[in-house]
Structure formats: structure tokens, C-alpha cells
Amino acid sequence: MKALIFNSGLGSRLGELTKDKPKSMVRLGNGETIFHRQLRILHACGINEFVVTTGPFAELLAVEAEPFVQAGCSISFVSNPVYDKTNYIYSMWLARDLLQGSDILMLHGDLVFDAAYAQMVIDSDLPTLGSVNASLPQPEKDFKARVIDGEVREVSVRIFDKDCFAFQPFYKLSKEATQTWFDAVERFVDTGDTGVYAENAANAVFADMHVAAFSYEGHYVEEVDTPDDLERVSAGIRTFDFAQQPVYEVSGDSIGLVDGCAVGALRDAVRPADLFAALGMRKPLVIASKHFASFAAKQWLDDSNIAYELFTDYSPNPSFDDVAQARTAFYIGECDSLISIGGGSAIDVAKCVKQLVVMPESSDGAALKNGHLPYSGVLHVAVPTTAGTGSESTHFAVCYIDGAKASITNECLLPNVVLLDVSVLFGLPAYQKKCTMLDALCQAIESYWSRKSCAESRMHSKIAIPAIMANAEAYLTGDVGAAAEIMRAANQAGKAINLTTTTAPHAMSYKLTGLYGIPHGHAVAMCMPHCWQMLIDCGDEVLQEKLSEIAALMIGNESVMPIDGLKAFEGFVGHLGITTTISGKLADIGALVSSVNAQRLSNFPVALSRDVIESIYQKIIVLS
């Protein structure tokens, strides 16, 4: 099957954004161009032959496509020399010789869609289909499809009848349907009628093409025509991309998908080695803890017969110098991808390397934290070796730059694939298990009450919180099933904060770790009760309802009050034997107050003044 992508339009409604580039080269919120995203997803779904029509700035499209050519794709460009005087009906006619006799996917160059939908279209038993969504209101200025007996019979902007529904130009066409449409297009071109949509020609032959109305309800398929569209689509597709991150669980020598969406060759992977091959990893840089030789992941890599470089020289709180050394190892080893094996530190280093290798080699720490980071398509497989940070499913990383903690954020930093291997948990000390588990629990709770809380983030928290509460004790006594549940729960907590980030307890915890060497999860648990009590005391009705929901998740009983969640948390921490105070000096309190990240505080549902933050630390620090 070939893909035909129309990229010959002017995109004038995007104004300055298309002054010097084609419409499809506009960048989405994650920094990726629409064209690159289309090629990336369709190639991952198994499409390797592309025909792309072009108008202005065709050379930019060729440059953008080059990595896919290097990956084995065949991409033919068809220039429309009169792009400014014709519509894409003429571009379709120009491309006909490259497509006749083929089944094709046909789509517009400004179309943004999720990977699961593309795979669903390709896999469908229907030979010919068009994308319809009856659950959406009829768009005023965009395509609708008239559907009769389950088939598309007309596509137009101007139809608004009861049998007309929202439609997007994402087609799968059999070679017979393709030929029928080409013949209709040729009749229009022969009469000089080239200023209309290709659908104008199809409307005369849809009955002969038998285009099934294929629903994209529950998926994301949208065109970008204006700057407002670009902003809306960037935000809309973000949630789908996060949710579709493929998460595999390892069982012995086998893997199985437990969350997200696998497309193309990934669906056939039954062993970790198969997964590396399906991703096309040629030579990854493996960023791992010094225990790498004892991990099952080493055997996976050896079984895969792919060369790899190993980097283990980073600190528990990775600095920019650590990341820069890893970047050098990536360059020297001529690596093409990344595999992180370890806790949050290993995964964070890999994320930072992923970002740095697409930036100028002179880029320093300041460039990494400036918030305007380019898109990186470097593949990253994350293999967490603790159950707590959730870093394998977040799009941000921690890096210490000039001694200060910095959060590096870019949507593309979400690892491409996750492998959860419960066997790595059994060698962890009990205290480390407790601390990482507390980190996951606090993440899920904070995400639930965060100002950025949404239906999707709460869904992840609703899975994580009860799973941790129910399985903690058995996990700590070595139960394999409970350990697997905790690992999944920690991943869900990571997915929750990936959408919302954390709030005050996390913001207040970092300096506690820095000053006293307290593990991160322990430090968060120290701050948590005091922040929680403030939410209870604020009296906001909506917030009290959320706190009651959290309590119900923790206790497993719907008849609860907001205070019951806090009591359950304190009881849980006490049962684990985790201390909630630490000996310190008066001067420490000032340093702690000054360290708190204002951004994380802004996610907390109530405002915390400097005096309030100081009073919380005074309850945690026992002056010596």
C-alpha cells in the first residue's frame, strides 16, 4: 500500500507561519512538523512508499523526508507548477502515474491524527473507506460527508442535512476505487475545471467506489488551517500521544503489551530482542546504573545481536556534566538511539541526551533549560528498575545545572517504549522499596488534587492509589504478583503527573533531599500531611469533594470524609516505619524556604505564602 499526501497548497490562512514554508512544515506544540509526524506514524504502521505532491518550498519537504529515506522508505515528490492557480484535484491528476494499480492511503498534508487510528484504517477489512465522525457537530466551514446506507455518497463544505456528518480527508482506497476516482479527476482536468477539490470529481462516482463511512470517534483526526487550529490541535493530540505510549511487561523471556498502543512491527514483538529490532535500533547508547551486568536487560541486548555502547558514569542527582559526557559517548559511539536501564536518574540522563543531540554541539546547560527546545526524534526505550518515579512515562527530566535543580521539559522526551520488568525489584533494599512506593503514591494523590487535574489524569490516579494501598504489604514481603501490581501502579502515577505535574509536597521535598540526603520519596512523605491539612482547612467545596474521592480510593469505602484520606496516609507511612521529622539547624529552614519551586506551588489548589511554607518546615525540622 502506498500513501498519497497532498502538500501543494499555499496555506495562506496560517499567515506568517507559512511565509517561508509549506503548510505541512508548520510545527506542532511539541516542535515536530505536521509532515514529519505523518511520515513517522505511517512508517511505524508499515507504510514505506509515499507519493507527495508539492507546491512552494518543495525543497524543505525533501529535507524533512530524508531520515525516512535513510530508514528505507521510497518517497516520490510530484511538483504542481501551477499550485497557486489550481486546487489539489490537479495535483492528484499529476500523481496518477505513480499510483495507478495500487491500494492507497490518501490524506491532506495538514492532517494530524493519532497512531492508533492510522493503524486501524490500515488494518480494516474494508477495502475502501473515508473518515467520518457522527458524534461531532457539523463543522460550518469544513468537509461534511453525506452517508447513505453506511457509504459516503457526497463530500462538501456546503451540505448540512441530517445524513451529513463531520468528515476528514483520510481515505483508504482499493486500486479499483483509486482508478475510478482518477478517471473522474481526468474528466475534470480535460475540461479545465482544476480549481475545485478532488472530492468534486469523486461526488460523481462515490456510488461506484463504495467508500465505507469509517468512524474515527474516540480518536483524533483534525486539519490545521489557522493559527487557532494549530494551538487547539497541538493541545488535543498531546493527550492521545501520551496515552498511546506502548508499555510492555516482561514475563520470563516474553513481553506483552499492558498499556498504550503498539503499531506496525511492534505488534509482533514477543521478546525484548524483537522489540529492539522492530524499532530499527542499529546501535543504542545504553545508559544504566552500575548494576547493569546483573539486570536481565543485559541478556536481552546480548540476545538481540545489536551492538551497543554502555554509559554508567552519572550521579544519583545527574548534573549537566554527566549529561554532556553521555552526549559525547553517543557521538563517539556513532549511536542512533537510547536505552535507559535504572531508576529516575538513568531515565532522566537519557532524556537529556535525547534533547541535546539535536541541538548545536556547543549547547550548554542554559540552552537545555531555556524552555524553547527543538523536537527530537531519537528513539528511547526506558526500562525502570524501581517502582516509584514514573519517569518512564513522563516528558520531563531533572538535571542539576550550575548546582541548581532544573526541570527539562519537552513533549517529545516521553520515552517511545517502556519495558516493565518486575524481576528487578526483588534485589532492592526494603527501605528503597518503601521510599519509591511512597513517591508513586504521593504523585498519584497530588495529581488528583492539582489545579491541572483532568479526567485523564484522575483516571491514572484512580488506578494507582488503590493498587498501592492494597499491595504494599505483600510487595514488601516478596510477593511477585504484588510487586507487579506496584510496578504498574507506579507507571500509572507517572502517567498522572505527566499530565498535571506535581504540587507543593514535591516542591518542598527537593531541598530536604539535598540538605539531609533523605531519599526523595521519604522527603515527599514528610511534607505531604502538612500540605494535605491545609487543603482540608481551606473549606472549598469542590476541593473537599476531591479530597473525599481520594480518601475513598485509599480506604476502599465510599462513606468517607476529606480528613479520612489524610489519616489513611499517615497510618500508611507509620506502618512502613518512615519517620516524618528530622534533626536540623535554624539556618536550614531559611535555605529550605528559598528553594521551593514557584511553578510547582502554582499547581497546588491553595496559595502558600513564604510564612506558611516556613511554618511547615518548622514542623518537619527538629532544631538541634
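Visitor: At roughly what angle do the axes of helix H20 and helix H21 cross?
Guide: This is a predicted model in which local features need pLDDT of at least 70, side-chain atom pairs count only at pLDDT 80 or more, and totals for chains, interfaces and linings use all residues. Residues are numbered from 1 along each chain as its sequence is written, and side-chain values use heavy atoms, with hydrogens and water left out. Helices (H or I, at least four residues) and strands (E, at least two) are DSSP runs, numbered from the N terminus; axes are lines fitted to C-alpha atoms, for helices over the stretch in contact, with angles from 0 to 180 degrees between N-to-C directions. The axes of H20 (residues 541-555) and H21 (residues 562-576) come within 7 Å, and their crossing angle is roughly 45°.

Visitor: Which residues of H21 does H20 meet?
Guide: Contact means heavy atoms within 4.5 Å. On the H20 side the residues are Gln544, Leu547, Ser548, Ala551, Met554 and Ile555. Their partners in H21 are Pro562, Asp564, Gly565, Ala568 and Phe569.

Visitor: How is H15 oriented relative to H21, roughly parallel or roughly antiparallel?
Guide: The axes of H15 (residues 430-449) and H21 come within 11 Å and cross at roughly 170°. Angles under 35 degrees count as roughly parallel, over 145 as roughly antiparallel, 65 to 115 as roughly perpendicular and the rest as oblique. H15 is therefore, relative to H21, roughly antiparallel.

Visitor: Which residues of H21 meet H15?
Guide: H15 contributes Lys434, Met437, Leu438, Leu441, Cys442 and Ile445. In H21 they meet Phe569, Phe572, Val573 and Leu576.

Visitor: Which strands stand at the edges of the sheet of 7 strands?
Guide: The sheet is open and mixed, in the order S13-S12-S20-S17-S16-S14-S15; two strands pair if DSSP finds at least two bridges between them. Each edge strand has a single partner strand, so one side of each is left without a neighbour in the sheet; these are S13 (254-259) and S15 (309-311).

Visitor: How many of the 6 residues of S2 are buried?
Guide: S2 runs parallel to S1 (residues 2-7), with 6 bridges between them. Buried means under 20% relative accessible area (1.4 Å probe, protein chains only). S2 (residues 49-54) is largely enclosed by the rest of the structure, because its buried residues number 5 of the 6.

Technical notes:
Buried means under 20% relative accessible area, exposed over 50%, partly exposed in between (1.4 Å probe, protein chains only).
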